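Me: I would like to learn how to read a protein model step by step, with the general idea given before each case. Could you take me through this one?

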Amino acid sequence: MSETEVVKLRPQRVRVVCYVTAVAVVVVFTLVGLGLSGRLNDETDAVFQLGDQIAMIGLGVLAAAGVLLFTRPRVEADAKGIRVRNLLGGYELPWDVVRRIRFDQHSPWAFLELADDESVAVLALQAADRDYAVQGVRALRALHAKATTTA
């Protein structure tokens with residue numbers, strides 16, 4: 001392992017699911033928006049307008065953006081430390097505050113166990129990714145071991 005080695009990881013399966021879902025959401029909301037025409041019902045004079053159609057398509061785009069938020073997690077680590085970005089927010093931690101990298105058998109994702117008895121979820125390493133996640137945890141553990149033994 002070289003001094004400049006950088007490990008970059010992102011979830012695999014959830015990204016594919018999110019991209020497909022986001023496209024489907026936009027298509028469905030667009031079709032519904034284009035289908036909004038004519039009277040609301042026979043009892044009122046309310047009529048769907050162009051603004052209603054645009055608003056429905058806009059809601060679909062916003063919903064798709066919310067779905068794509070789940071593609072945001074990533075982790076990047078090097079000899080100095082680890083940077084974790086989850087759905088909302090992130091952490092930049094030097095290796096000396098990380099006690100160990102944990103990925104329990106029935107856990108949905110990995111965790112960093114910190115020296116102050118706290119833990120940080122690493123959503124970029126998900127159990128759904130199986131071998132990719134295991135290799136990622138091994139790479140992070142190797143970086144951690146090297147950084148803590150040389151420090």
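Reply: Let us start with a term for surface position: a residue is called buried under 20% relative accessible area, exposed over 50%, and partly exposed in between, with a 1.4 Å probe and protein chains only. By that rule Asp117, at 64% relative accessibility, counts as exposed. Please keep in mind that this is a predicted model, in which local features need pLDDT of at least 70 and side-chain atom pairs count only at pLDDT 80 or more, while totals for chains, interfaces and linings use all residues. Residues are numbered from 1 along each chain as its sequence is written, and side-chain values use heavy atoms, with hydrogens and water left out.

Me: Where does Asp117 sit, and what is its phi angle?

Reply: Helices (H or I, at least four residues) and strands (E, at least two) are DSSP runs, numbered from the N terminus. Asp117 is placed in the loop between β6 and β7, and its phi is positive, at about 65°, although Asp117 is not a glycine. Arg130 also has a positive phi without being a glycine, near 45°, and Arg130 is found in the loop between β7 and α3 (131-150). With a relative accessible area of 60%, Arg130 is exposed.

Me: How many salt bridges does a search of the whole structure find?

Reply: The general idea is that side chains of opposite charge can pair when their charged atoms come close. A salt bridge is counted when a side-chain nitrogen of Lys or Arg is within 4 Å of a carboxyl oxygen of Asp or Glu. Searching the whole structure in this way gives seven salt bridges. One of them joins the side chains of Arg83 and Glu76, with N to O at 3.5 Å; Arg83 is partly exposed at 23% relative accessibility, and Glu76 is partly exposed at 30%.

Me: Which residues form a salt bridge with Arg99?

Reply: Glu113 forms one, its closest N and O atoms with Arg99 being 3.6 Å apart. Because Glu113 lies in strand β6 (residues 109-114) and Arg99 in strand β5 (residues 98-102), this pair ties together parts that are 14 residues apart in sequence. Asp117 forms another with Arg99, where the closest N and O atoms are 2.6 Å apart. Here Asp117 comes from the loop between β6 and β7 (119-126) and Arg99 from strand β5, so the pair ties together parts that are 18 residues apart in sequence. As for accessibility, Glu113 is buried at 15%, whereas Arg99 is partly exposed at 40%. These residues belong to a network of salt bridges that links Arg99, Arg100, Arg102, Asp104, Glu113 and Asp117.

Me: Is Arg15 buried or exposed, and which side chain of opposite charge is nearest?

Reply: For charge, Lys and Arg count as positive and Asp and Glu as negative, while His and the chain ends are not counted. Arg15, placed in helix α1 (residues 13-35), is buried yet has no salt bridge, and the nearest side chain of opposite charge, Asp129, is 8.0 Å away. If contact is taken as heavy atoms within 4.5 Å, Arg15 touches Arg10 and Thr71, leaving aside residues up to four places away in sequence.

Me: How do the strands β2, β3 and β4 pair?

Reply: Two strands pair if DSSP finds at least two bridges between them. Strand β2 (residues 74-77) and strand β3 (residues 81-85) pair in the antiparallel sense over four bridges, with Ala77 standing opposite Ile82 in β3, and a hairpin joins β2 to β3 through three residues. Strand β3 also pairs with strand β4 (residues 90-94), again antiparallel, over five bridges, and the bridge partner of Arg85 in β4 is Gly90. β3 and β4 form a hairpin with four residues between them, and Gly89 in that turn has a positive phi of about 100°.

Me: What does the UniProt record place at residues 16-34 and 54-71, and at residues 72-141?

Reply: UniProt positions are given in the numbering used here, feature names are shortened, and annotations may be inferred rather than shown by experiment. The unreviewed entry gives "transmembrane region" for residues 16-34 and 54-71. In the model, residues 16-34 are 100% helix and 0% strand, with the end C-alpha atoms 27 Å apart, while residues 54-71 are 83% helix and 0% strand, with the end C-alpha atoms 26 Å apart. The unreviewed entry also gives "domain: Low molecular weight protein antigen 6 PH" for residues 72-141, a span that is 16% helix and 47% strand in the model.
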